[in-house]
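Please look at the sequence and the structure shown below, and follow a few of the helices as you read.

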Amino acid sequence: MSDSEKWGWWTIGAVALTIAAYVAFVAFLGHGPATSSVFALLALTAIPASSRRHFKGRRFDEREREIARKAFSVSFSVFWLAFVGFVLAIYFIKGWDATLTVPVWALEETLWWAASLVMGVQALTTLVLYRGGPHA
Amino acid sequence: MHSQEPEIKNYIRRLRFDHGEMTQDQLAKQAGVTRHTIMALEAGKYFPSLLLAFRIARVFGEPVEQVFEYRATEGELRSS
């Protein structure tokens, strides 16, 4: 398995663990500031997925750079669609003149979910392109 | 037979065999890429950059046109 694939699986694992932990926290504690703490698990994505013993950096050749570029592009497109959909949904549900009062934890959770979405889609796209896409 | 899509065919697998059954890993190391990229090239799923094409040709000691072959589309053939 290449470094890119390891990174993809590792990132998906971290995002999946975060979602699972979030669901568990919400079930026991309910929505609130405490549940936001599970997003700290996303910090795992900063740890290199390959070779703990002698980490030499991710080895990227031209094909992997191309896959990474496309994966980023796809993840940003998905994020943008979600963002536009979210903004329009607020407009249609609350109306143009409505005033929103949002607790900080809810705003932060929204940002965390957006980051999770970008990382998850990027990792998934990387794995798909690596295995079966036109650049596989 | 020529298709609607341009195609770059390569003879990497045969050249590896001709060069003492060189492994994909050995070729990858000498060309400065990962083994997965060599696998993708041999499967015809990835078209290399000009730089990588020359590097691979250099590993085999062959001119690049002996390793890679451009197959024109029907449209390109008609217009030429």
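## How helices pack in this model

In this predicted model, helix H4 of chain B spans residues 50-60, and B:Ile56, B:Ala57, B:Val59 and B:Phe60 in that helix are buried. These residues lie on the same side of H4(B), because they cover an arc of only 155° around the axis. An α-helix has 3.6 residues a turn, so residues three or four places apart point the same way. On the other side of H4(B), B:Leu50 and B:Leu51 are exposed, while just after the helix B:Gly61 takes a positive phi of about 70°.

What do the buried residues of H4(B) pack against? Their partners are helix H1 (12-18), helix H2 (24-31) and helix H5 (64-67) of chain B. With H2(B), the crossing is right-handed, and the contact is made by B:Leu27, B:Gln30 and B:Ala31 of H2(B) together with B:Leu52, B:Arg55, B:Ile56 and B:Val59 of H4(B). By class, this contact of H2(B) with H4(B) has 5 nonpolar, 1 polar and 1 charged residues.

The crossing of H1(A) and H4(A) is left-handed, and the residues in contact include A:Gly8, A:Ile12 and A:Val15 of H1(A) and A:Gly120, A:Ala123 and A:Leu127 of H4(A). The residues of this contact divide into 7 nonpolar, 7 polar and 1 charged.

The table sets out the geometry of both pairs.

| Helix pair | Angle | Axes |
|---|---|---|
| H2(B) and H4(B) | roughly 120° | within 9 Å |

Terms used: Residues are numbered from 1 along each chain as its sequence is written. Chains are lettered from A and ligands numbered from 1 in the order in which they are written. This is a predicted model: local features need pLDDT of at least 70, side-chain atom pairs count only at pLDDT 80 or more; totals for chains, interfaces and linings use all residues. A crossing is left-handed if the near helix is turned anticlockwise from the far one by less than a right angle, and right-handed if clockwise. Helices (H or I, at least four residues) and strands (E, at least two) are DSSP runs, numbered from the N terminus. Two residues are in contact if their C-beta atoms, placed from the backbone, lie within 7 Å. Ala, Val, Leu, Ile, Met, Phe, Trp, Tyr, Cys and Pro count as nonpolar, Asp, Glu, Lys and Arg as charged, and the others, Gly among them, as polar. A residue is buried if 20 or more other C-beta atoms lie within 10 Å of its own, exposed if 12 or fewer, and partly exposed in between; C-beta atoms are placed from the backbone. The arc is that of the directions from the helix axis to the C-beta atoms. Axes are lines fitted to C-alpha atoms, for helices over the stretch in contact, and angles run from 0 to 180 degrees between N-to-C directions.
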